[in-house]
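Please look at the structure shown here with its charged side chains in mind. The text below walks through some of them one by one.

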Amino acid sequence: MTIHDDDDPFSDAIAFPRRLRSRSLLYMLAPDGKTPIPIEDENQDLWSRWFESGDRVVAQTEVPGGMISTVFLGLDHNFSPGGPPVLWETMAFMDGNDSYQDRYTSYADALAGHKAIVEKALKGKRLDDRL
């Protein structure tokens, strides 16, 4: 691919997986903050503006030694051709390291996953390394 000043170098990165997929790659959240809305390729500018300013945080909790954070990704992280979009992620940043990660297909699962890992951390249990 040749990139010129007026070309968008990311358009091929978005278009390539889309050709292999039966679902959207980009998502925004509905006003309820829980429901994903698929965004068609031609609306990448709308998605970019929303992504920069939208509230994507599901929960953030300080725990001894770090922080647990769960967010809406806005980009489907299910890179297989089938299955639902993977749009939420929980990460634990313990003692300055990202030491745990899990991803989810729904807001409810993301919130439950966040609460479960916070509970583990508060009890001093070892977090499963899922990076």
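E40 is partly exposed, with a relative accessible area of 36%, a value that falls between the 20% limit for buried and the 50% limit for exposed. The model is a predicted one. E40 sits in the loop that runs between strand β2 (36-39) and helix α2 (44-53). In space, its C-alpha is 6.4 Å from the C-alpha of S24, although 16 residues separate E40 and S24 in sequence.

Side chains of opposite charge can pair when their charged atoms come close. How many salt bridges does a search of the whole structure find? The search finds 2.

One of these salt bridges joins the side chains of R103 and E89, with an N to O distance of 2.8 Å. This pair links distant parts of the chain, as R103 belongs to strand β6 (residues 97-104) and E89 to strand β5 (residues 88-94), the two residues being 14 apart. Are these two side chains buried or exposed? E89 is buried, because its relative accessible area of 9% is under the 20% limit. R103 is partly exposed, at 33%.

K123 and E119 also form a salt bridge, in which the closest N and O atoms are 3.3 Å apart. That distance counts because the cut-off for a salt bridge is 4 Å. K123 is exposed, since its relative accessible area is 56% and exposed means over 50%.

Methods:
Residues numbered from 1 in each chain as written. Predicted model: local features only at pLDDT ≥ 70, side-chain atom pairs only at ≥ 80, totals over all residues. Heavy atoms only, no water. Helix = DSSP H or I, 4+ residues; strand = E, 2+ residues; numbered from the N terminus. Buried < 20%, exposed > 50% of the residue type's maximum accessible area, 1.4 Å probe, protein only.
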